[in-house]
Amino acid sequence: MSEIEHFMSLLMQREEEGALAPLMSHGRVHFLWIKYSNLYLVATTLKNANASLVYSFLYKTVEVFSEYFKELEEESIRDNFVIVYELLDELMDFGFPQTTDSKILQEYITQQGNKLETGKSRVPPTVTNAVSWRSEGIKYKKNEVFIDVIESVNLLVNANGSVLLSEIVGTIKLKVFLSGMPELRLGLNDRVLFELTGLPGSKNKSVELEDVKFHQCVRLSRFDNDRTISFIPPDGDFELMSYRLSTQVKPLIWIESVIEKFSHSRVEIMVKAKGQFKKQSVANSVEISVPVPSDADSPRFKTSVGSAKYMPEKNVVIWSIKSFPGGKEYLMRAHFGLPSVEKEEVEGRPPIGVKFEIPYFTVSGIQVRYMKIIEKSGYQALPWVRYITQSGDYQLRTS
């Protein structure tokens, strides 16, 4: 118990030496730690433990505490230390992770503390059940599953217009309103599956998924054997899987900019935005943030669509376009005054950032081919699918 007292001094010493690592040792004790907000979460072990399991548990603990306290920080730990003890008691026993699903924990550890009367305490069915993320006896009048396929595009373009980084990070999120203990099977246009089964799917219509990560409910052995995504889902909202594609993506919104400075008295910026996606699609809530010199003043704007707003605290102009159809081209001109005194240091010019969301569209071409819902009572259920593409880290450098 006293070993943790060595942690902070060891951390500060390593920081001073420039040798800070996520795993530190003191004598025979190993500290595995993460920092979240203003807190350190530290696991200690004497053994050569599975480090990835330990870190996975620490991040899961952060997730559970955040669900309970909304904001996880020093104050929320002080205000809820009784619940923290109760949660830790359920999260881990004798060094083995136990129930780590916040929805299940909330069934019997409430925000007001333990409400169970003595003598009437019960073990929740989920704890003794092999399916620890779902309770038994769930009933709905209308059985439905909502599937959201969300893809974020990360893009970095250099000043010459060459694409330096291009990747798609996708998530499949489910909202489940199903009675009983249903088994779900999800089918995607997965290239490996098409090749395994000899399905007539041309290479153009199938997608090669990389870095696939699943929710704990997915039967990994089934996926490894025949690429079947089979699972008994948690109730309500959850993220079923995430994936990555490092395919070269044509920039969906292309930006060209011209910046002219006139004898240190004014600067003129012209920005052209072009939608390089199919014409029947529309990008919503487009925000283009254009960096301006830190000493700029008296802004004037002219836009062919949308509105522009100067944010001096961030040294950017935000050009907002509610609706941006594919194939369209728009212009924004900005005029700023500059002090007559020339700044001595040359400012590095930050990139132009773009935010957007395109519904009913995926860049990778991923498709939900089917969703089978099997439940012993044999009820009929409706699956609904929605596709969304949005900007991730989307930056274009200017010359």
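The questions and answers below concern the chain shown above.

Guide: This is a predicted model, in which local features need pLDDT of at least 70 and side-chain atom pairs count only at pLDDT 80 or more, while totals for chains, interfaces and linings use all residues. Residues are numbered from 1 along each chain as its sequence is written, and side-chain values use heavy atoms, with hydrogens and water left out.

Visitor: How many helices and strands make up the secondary structure of the protein chain?

Guide: Helices (H or I, at least four residues) and strands (E, at least two) are DSSP runs, numbered from the N terminus. The C-alpha trace that carries them spans about 80 × 60 × 40 Å along its principal axes. The secondary structure comes to eight helices and 21 strands.

Visitor: Why do the buried residues of helix 1 lie on the same side?

Guide: In helix 1 (residues 5–17), the residues Phe-7, Leu-10 and Leu-11 are buried, where buried means under 20% relative accessible area, exposed over 50% and partly exposed in between (1.4 Å probe, protein chains only). They lie on the same side of helix 1 because they cover an arc of only 105° around the axis, the arc being that of the directions from the helix axis to the C-beta atoms.

Visitor: Which strands do the buried residues of helix 1 pack against?

Guide: The face turned away from the buried side of helix 1 carries the exposed residues Glu-5 and Glu-16. After the helix comes Gly-18, whose phi is positive, near 70°. The buried residues pack against strand 1 (23–26), strand 2 (29–36) and strand 3 (39–45).

Visitor: Is Ala-334 buried or exposed?

Guide: Ala-334 has its place in strand 18 (residues 329–337). Leaving aside neighbours within four places in sequence, Ala-334 is in contact with Val-267, Glu-268, Ile-269, Arg-300 and Phe-301. With a relative accessibility of 4%, Ala-334 counts as buried.

Visitor: What is the relative accessible area of Lys-272?

Guide: Lys-272 is found in strand 13 (residues 266–275). Not counting residues up to four places away in sequence, Lys-272 touches Trp-254, Ile-255, Glu-256, Glu-329, Tyr-330 and Leu-331. Lys-272 is partly exposed, with a relative accessible area of 28%.

Visitor: Which residues does Thr-171 touch, not counting those up to four places away in sequence?

Guide: Thr-171 has its place in strand 7 (residues 163–177), and is buried, with a relative accessible area of 15%. The residues that Thr-171 touches, on that count, are Asp-148, Val-149, Ile-150, Glu-239, Met-241, Ser-242 and Tyr-243.

Visitor: What share of the contacts in the protein chain with a separation of 6 or more comes from residues 24 or more positions apart?

Guide: Of the 399 residues of the protein chain, 42% count as buried. Among the contacts with a separation of 6 or more, the share from residues 24 or more positions apart is 69%.

Definitions and conventions. Contact means heavy atoms within 4.5 Å.
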